[in-house]
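Student: I would like to learn how to read a structural model feature by feature, with the general idea given before the particular case. Could we work through one together?

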Amino acid sequence: MSSQGREEEQIVVFQLHNQTYGIDITSVREIIRMEEITEIPNAPDFLEGIINLRGGIVPIIDLGKRFGLVSGERTSQSRIIIVQVSNQIFGMIVDSVQEVLRVPASSIEPPPPMLGGVDAAYLRGVALLEERLVILLEHSRILFEKEQQQLEEVINQ
């Protein structure tokens, strides 16, 4: 579902490398605690491995690595956000999940070319909230089409 045309958006707010990010709640299927991730030989660099989520294989990416940032240490606050983009389901490791917020569309500005070391290609905008900024991810751009195909190949091996 597109977020365009709505007066208000609901976003899941999370931390990654001391930055606050948000992702449209319509793309989030669930949020789970860290669990053991099975590595896949010869997998693409962005792929951390796979997990078994209630009988289904779910590929997991380290979002920090995906953005070209140094991978953060996993703590008890680390979480996996399970998202669905088109027909692809995958998990994103983040430092912590904070809350779900309703953000007026009028408070969302276009992203600058580079923000917090993250390329604007992954970003949809910046929400200007009272005393903080939330960097909004464009969930459909977290993985490029070729990478989505690579994930499907890994799962179907």
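Student: Which residues form one aromatic cluster?

Tutor: Before the answer, please keep in mind that this is a predicted model. The cluster is formed by Phe14, Tyr21, Phe67 and Tyr122. In the structure there are 3 aromatic pairs, and one of them joins phenylalanine 14 to tyrosine 21, with 5.7 Å centre to centre and 15° between the planes, a stacked arrangement. Phenylalanine 14 and tyrosine 21 are both buried. Another pair, phenylalanine 67 with tyrosine 122, is tilted, with 4.9 Å centre to centre and 40° between the planes.

Student: Where in the chain do phenylalanine 67 and tyrosine 122 sit?

Tutor: Phenylalanine 67 belongs to the loop between α1 (63-66) and β6 (79-85), while tyrosine 122 belongs to the loop between β11 (118-119) and β12 (123-129), so that the pair links distant parts of the chain, 55 residues apart. Both phenylalanine 67 and tyrosine 122 are buried.

Student: What is phenylalanine 144 in contact with, leaving aside its neighbours within four places in sequence?

Tutor: With those neighbours set aside, phenylalanine 144 is in contact with Arg66 and Tyr122. Phenylalanine 144 itself is placed in the loop between β13 (132-137) and α2, and its C-alpha atom lies 9.8 Å from that of tyrosine 122, although the two are 22 residues apart in sequence. Because its relative accessibility is 41%, phenylalanine 144 counts as partly exposed.

Student: How should I read a sheet, and in what order do the strands of the open sheet come?

Tutor: The general idea is that strands of a sheet pair through backbone hydrogen bonds, and that this pairing may be parallel or antiparallel. In this model, 5 strands form an open sheet with mixed pairing, in the order β3-β6-β7-β5-β4. The edges are taken by β3 (28-33) and β4 (47-53), each of which has a single partner strand, so one side of each is left without a neighbour in the sheet. On average, and with direction ignored, neighbouring strands of this sheet are turned by 30° against each other.

Student: How many bridges join β6 to β3, and how many join β6 to β7?

Tutor: Between β3 and β6, which run antiparallel, there are 5 bridges, and between β6 and β7, which also run antiparallel, there are 7. Residue by residue, isoleucine 31 stands opposite isoleucine 81 in β6, and isoleucine 32 has isoleucine 80 of β6 as its bridge partner. Looking towards β7, isoleucine 81 has methionine 92 as its bridge partner there.

Student: Is β6 mostly covered or mostly open, and how many of its residues are buried?

Tutor: Strand β6 is mostly covered, since 6 of its 7 residues are buried. Helix α2 (residues 145-155) lies across β4, β5, β6 and β7 (88-94), and runs at about 100° to β7.

Student: What should I notice about serine 86 in the hairpin of β6 and β7?

Tutor: That hairpin has 2 residues between its strands, and serine 86 takes a positive phi near 55° there. Serine 86 lies in the loop between β6 and β7, and it counts as exposed because its relative accessibility is 61%.

Student: Why does aspartate 62 count as buried, and what does its side chain join?

Tutor: Aspartate 62 counts as buried because its relative accessibility is 4%, where the cut-off for that class is under 20%. The residue is found in strand β5 (residues 56-62), and a polar contact of 3.4 Å joins its side chain to that of arginine 74. Aspartate 24, placed in strand β2 (residues 19-24), is buried too, with a relative accessible area of 2%. A polar atom of the side chain of aspartate 24 lies 2.9 Å from the backbone nitrogen of threonine 26.

Student: Where is confidence lowest, and where is it highest?

Tutor: Confidence is lowest in strand β10 (residues 114-115), at a mean of 62, and highest in β3, at 97. For the protein chain the mean pLDDT is 86, and 92% of its residues reach 70 or more.

Technical notes: Residues are numbered from 1 along each chain as its sequence is written. This is a predicted model: local features need pLDDT of at least 70, side-chain atom pairs count only at pLDDT 80 or more; totals for chains, interfaces and linings use all residues. Side-chain values use heavy atoms; hydrogens and water are left out. Rings of Phe, Tyr and Trp (its six-membered ring) pair if their centres lie within 6.5 Å; planes under 30 degrees apart count as stacked, over 60 as edge-to-face and the rest as tilted. Buried means under 20% relative accessible area, exposed over 50%, partly exposed in between (1.4 Å probe, protein chains only). Helices (H or I, at least four residues) and strands (E, at least two) are DSSP runs, numbered from the N terminus. A polar contact is a pair of N or O atoms within 3.5 Å; within protein, one must be able to donate a hydrogen and the other to accept it, and residues adjacent in sequence count only if both atoms are side-chain atoms. Two strands pair if DSSP finds at least two bridges between them. Axes are lines fitted to C-alpha atoms, for helices over the stretch in contact, and angles run from 0 to 180 degrees between N-to-C directions. Contact means heavy atoms within 4.5 Å. pLDDT is the predictor's confidence in each residue, from 0 to 100.
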